[in-house]
Amino acid sequence: MTADNETVVCPFDFSEALEFDPALAELMRRERPARIRLRYGDRDAWLITGFDAVKQVTTDHRLSRAGIIGHDYPRMTPEPIVSPESVNVMDPPLSSRVRHLASQAFTQQQVDGMRHRIIRLTDVLLDDMAKQGPPVDLVQHLSDTLPQHTILDLLGIEQGEWPRMQESVRQLLVVGAGNKEAAARAKADLTAYFAKLVEQRRHSPGPDLISAMAAAREGEEQLDDRELAVMALMLALSGQDTATCEISNIVYLLLTRPELMEHLRRRPETLTDVLHEMLRCIPFRKGVGIPRVALEDVEVDGARIRAGDFVHVSYLTANRDPERYPDPHVIDLGRPSAPHMTFGWGGHRCIAMPLAMAELEVAVGRLVERFPDLRLAVPPEELRWDTQTIRRFPLQLPVAW
């Protein structure tokens, strides 16, 4: 245990299956927030771990996302993933306007209308999997392919561009220092691509998300071309990344925890609740995301944060807070429903969460229904896990039935 005022060096490179990072676990046990040093950035940051304290940070106007722009802020990747124009680094009221307009494309009614496309894509992929016969790699056949096809299809991107999109997204998530130039090129390429696509959709709208967001209005307010291009880029990133990890991780847990799979087989109507409890518990990321900077002195969880200090929150630790979730490290399918932070919190909660949940419900529900005797084709200890990016998921998931 280090002293409370000592900076803790945090590479956050733990990637052993879905075990919880022991460095995060140690930081959770501290009585007060710690100061941490990440791989990149010229400053330390405070790390906030408890549910209520994270909730405070994510809703306090004195802690600014926009304030980090122009600084070499503490982060996990050599090149910042987020663009300076992104809604993820805006503060209210600007962020509220952009989010409100963009979220009109992700209402429950809109997502319900998208569900048939997700079902169709899933069934085609599972048909191909069944046709090939066991053993097959579920990552290749479902969890890597479905989110990519879904979001790029919904954005109206031509299939010939899909491999390029996927590789650019992967480049942005790599943590190695040697990847900085490749990541910068990937971000510039994607930004230019979506700027051109937005211009096309303004003149020739179609049945796609970009056209829907372009048509969104609040009185006289609309998203401008730059806002729309950056929002489309963010959706292409998160739409492929999050669901890919989570489908793989959820299926891994179902195949290595027979009681979870048996519960879903017996009670398929509980699927959504089961998914939320698994999402709460799965550490699908390494470390932390985008920080905030204090605009004035603020007290958080007993720590005096000075104006100009950077502040990171850990949604992973908030999801394991024992004061909010009894036996927090246990996947308890009888746990009373309570909101979790896997999709963020406050003004930067993921606006596409309804779409992500629809993907998970369809992918996992159809898989369990069509392959009730699905099993791992190799021992769990032989699986290889991602070690190159900020994500936690199996690179391959060989299955049989």
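**Exercises on a predicted model**

In this predicted model, L173 touches T77, I81, D241, Q388, T389, I390 and R391, leaving aside residues up to four places away in sequence.

**Exercise 1.** Determine where L173 lies and whether L173 is buried or exposed.

*Solution.* Begin with the secondary structure: L173 belongs to helix α7, which spans residues 162-173. Next, take the relative accessibility of L173, which is 4%. Buried means under 20% relative accessible area, so L173 counts as buried.

**Exercise 2.** Classify the crossing of helices α4 and α6 by angle, and state which residues make the contact.

*Solution.* Helix α4 comprises residues 108-132 and helix α6 residues 145-154; their axes come within 10 Å and cross at roughly 140 degrees. An angle over 145 degrees would count as roughly antiparallel, and 65 to 115 as roughly perpendicular; α4 is therefore oblique to α6. The crossing is right-handed. On the α4 side, the contact is made by M114, R117, I118, R120, L121, T122 and L125, and on the α6 side by T145, L146, H149, T150, D153 and L154. Sorted by class, this contact has six nonpolar, four polar and three charged residues.

**Exercise 3.** Describe the backbone and the burial of F12.

*Solution.* F12 lies in the loop between β1 (7-9) and α1 (22-28). Phi of F12 is near 45 degrees, a positive value in a residue other than glycine. With a relative accessible area of 3%, F12 is buried.

Notes. Residues are numbered from 1 along each chain as its sequence is written. This is a predicted model: local features need pLDDT of at least 70, side-chain atom pairs count only at pLDDT 80 or more; totals for chains, interfaces and linings use all residues. Side-chain values use heavy atoms; hydrogens and water are left out. Axes are lines fitted to C-alpha atoms, for helices over the stretch in contact, and angles run from 0 to 180 degrees between N-to-C directions. Helices (H or I, at least four residues) and strands (E, at least two) are DSSP runs, numbered from the N terminus. Angles under 35 degrees count as roughly parallel, over 145 as roughly antiparallel, 65 to 115 as roughly perpendicular and the rest as oblique. A crossing is left-handed if the near helix is turned anticlockwise from the far one by less than a right angle, and right-handed if clockwise. Contact means heavy atoms within 4.5 Å. Ala, Val, Leu, Ile, Met, Phe, Trp, Tyr, Cys and Pro count as nonpolar, Asp, Glu, Lys and Arg as charged, and the others, Gly among them, as polar. Buried means under 20% relative accessible area, exposed over 50%, partly exposed in between (1.4 Å probe, protein chains only).
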